[in-house]
Amino acid sequence: MFILTGNSKLYVFERKILSVFACADFFCKKALKLCAVFKIIFFDCDHTAFDHIHYEVRPLTIYAIKKLKEKGYIICISTSRSLDEMQKIDKEFIELVDVISTLAGAYIIFKKETKLYPIDKNEVLKLVKYFDKRHIPYRYATNDGLGYLSETNDYIDNLFFEYYHMIPMVKKYDGEEVLQIMYYTFDQNVHKEVKQMVPNLIVNNMALNSEISSNNVDKGQVMEYICNKFNLTSNQAMAFGDSENDNTMLSNAYFGVCVGNGITETKEVADYVCENQEQDGIYKTFVKYDFIEPYIKEDFELFDMVIDACEIDDDT
């Protein structure tokens, strides 16, 4: 217990007071988070850095990343896409990136090496048999980082074309090493059965699909691995995301940001919720917290009007 004296009165506080001090310490740390020295920044791709409305990485996001690179920050993409599903992403954006973590971290590309996290083959065979028997379409990604569909239909074709502007090759699984499986169904019983069938794997059920990875692969664990490769820790990391599979990354980062168009669960995990992606929430976050200077566009139209006015004056 704690004993405090004042005004001739004795106050006795039991150990519950420790929880009050702990809460105060927690909120102080939260308030001071942006005073930390950030060295590395992670971006989820779809609906975070990549704008599906205009099918681009927004120009102000690219501007922000360019400025961050100039200041020495390490830039990482963390996406569930396979390599072929990334072909239509802005090359200007890709060229600014130091590390590309694809397949939710199962295939990581550094400048001079790659790191793979395959799923145990027995688990793959179990899943393939289950999905094939029920005619549930799935996309499996092999150790070349590419994805293949087990079968397709109008929904799958439209989904891939809308998201990736491509449709993977249809190819039955033939014993290859698999890094990730995505399956496509809204049947909650299937989700439940899959999780019971492969308890040692990571299964993320999302709005449009579900992804399955090795048990040491989620965006949070992979973020820690990438930080270690640069002799950094997650206390020097900032991360942006929008959905379920970003939650561990945002919670493990020293400062996790959910875009305003993200899901409620991810907003609750994040330290900060910025404006929607299509409202340039990422750019505005970096400006708000003084990472970069605001973008100032010269008004060439006004400049031309001044020149024209001067030419008129000369003529008269």
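Among contacts in the chain between residues at least 6 apart in sequence, what share joins residues at least 24 apart? The share is 59%. Keep in mind as you explore that this is a predicted model. The chain has 316 residues, and 47% of them are buried. Its secondary structure comes to 11 helices and 18 strands.

**The surface**
- Look for Tyr155, Phe186 and Leu208, which form a nonpolar patch on the surface. Together these residues have about 280 Å² of accessible area.
- Tyr155 sits in helix α5, which covers residues 154-164. With a relative accessible area of 34%, Tyr155 is partly exposed.

**The largest pocket**
- The largest pocket has a volume of about 420 Å³. It is lined by 23 residues, and the closest to its centre are Asp46, His47, Tyr163, Met206 and Ser243.
- Helix α5 turns up again here: with 4 residues, α5 gives the most to the lining of the largest pocket.

**The cavity**
- There is 1 cavity of 30 Å³ or more, and the largest cavity holds about 30 Å³ of space.
- The residues lining the largest cavity include Ala104, Ile202, Glu211, Val217 and Lys219.
- Two strands, β14 (202-205) and β15 (210-213), each supply at least two residues of this lining.

**A covered helix**
- Helix α10 spans residues 281-288 and is mostly covered, with 6 of its 8 residues buried.
- Which residues of α10 are buried? They are Gly281, Ile282, Tyr283, Thr285, Phe286 and Val287.
- After α10 comes Asp290, whose phi is positive, near 60 degrees.

**Salt bridges**
- Side chains of opposite charge can pair when their charged atoms come close. The structure holds 14 salt bridges.
- One of them joins the side chains of Lys219 and Asp44, at 2.9 Å from N to O. This pair links distant parts of the chain: Lys219 is in helix α7 (residues 219-229) and Asp44 is in strand β3, 175 residues apart.
- Are the two partners buried or exposed? Lys219 is buried, with a relative accessible area of 1%, and Asp44 is buried too, with a relative accessible area of 5%.
- Glu92 forms a salt bridge with Lys66, where the closest N and O atoms are 2.6 Å apart. This pair also links distant parts of the chain, with Glu92 in helix α3 (residues 91-95) and Lys66 in helix α2, 26 residues apart.
- Glu92 counts as partly exposed at 38% relative accessibility, and Lys66 counts as partly exposed at 35%.
- Glu275 pairs with Lys284 in another salt bridge, with the closest N and O atoms 3.1 Å apart. Glu275 is partly exposed, at 37% relative accessibility, and Lys284 is partly exposed with a relative accessible area of 35%.
- Salt bridges that share partners join Asp44, Lys219 and Asp246 into one network.

Notes: Residues numbered from 1 in each chain as written. Predicted model: local features only at pLDDT ≥ 70, side-chain atom pairs only at ≥ 80, totals over all residues. Heavy atoms only, no water. Buried < 20%, exposed > 50% of the residue type's maximum accessible area, 1.4 Å probe, protein only. Contact = heavy atoms within 4.5 Å. Patch = residues over 30% accessible without salt bridge, like charges linked within 9 Å, V, L, I, M, F, W, Y side chains within 5 Å. Areas by Shrake-Rupley, 256 points an atom, 1.4 Å probe, with all protein chains shown as cover. Salt bridge = Lys/Arg side-chain N within 4 Å of Asp/Glu carboxyl O. 1 Å grid on protein atoms, 1.4 Å probe; cavity = no way out; pocket = protein on both sides within 12 Å on 5 of 7 lines; lining within 4 Å. Points joined across faces, edges and corners; volume = space filled by probe spheres on them.
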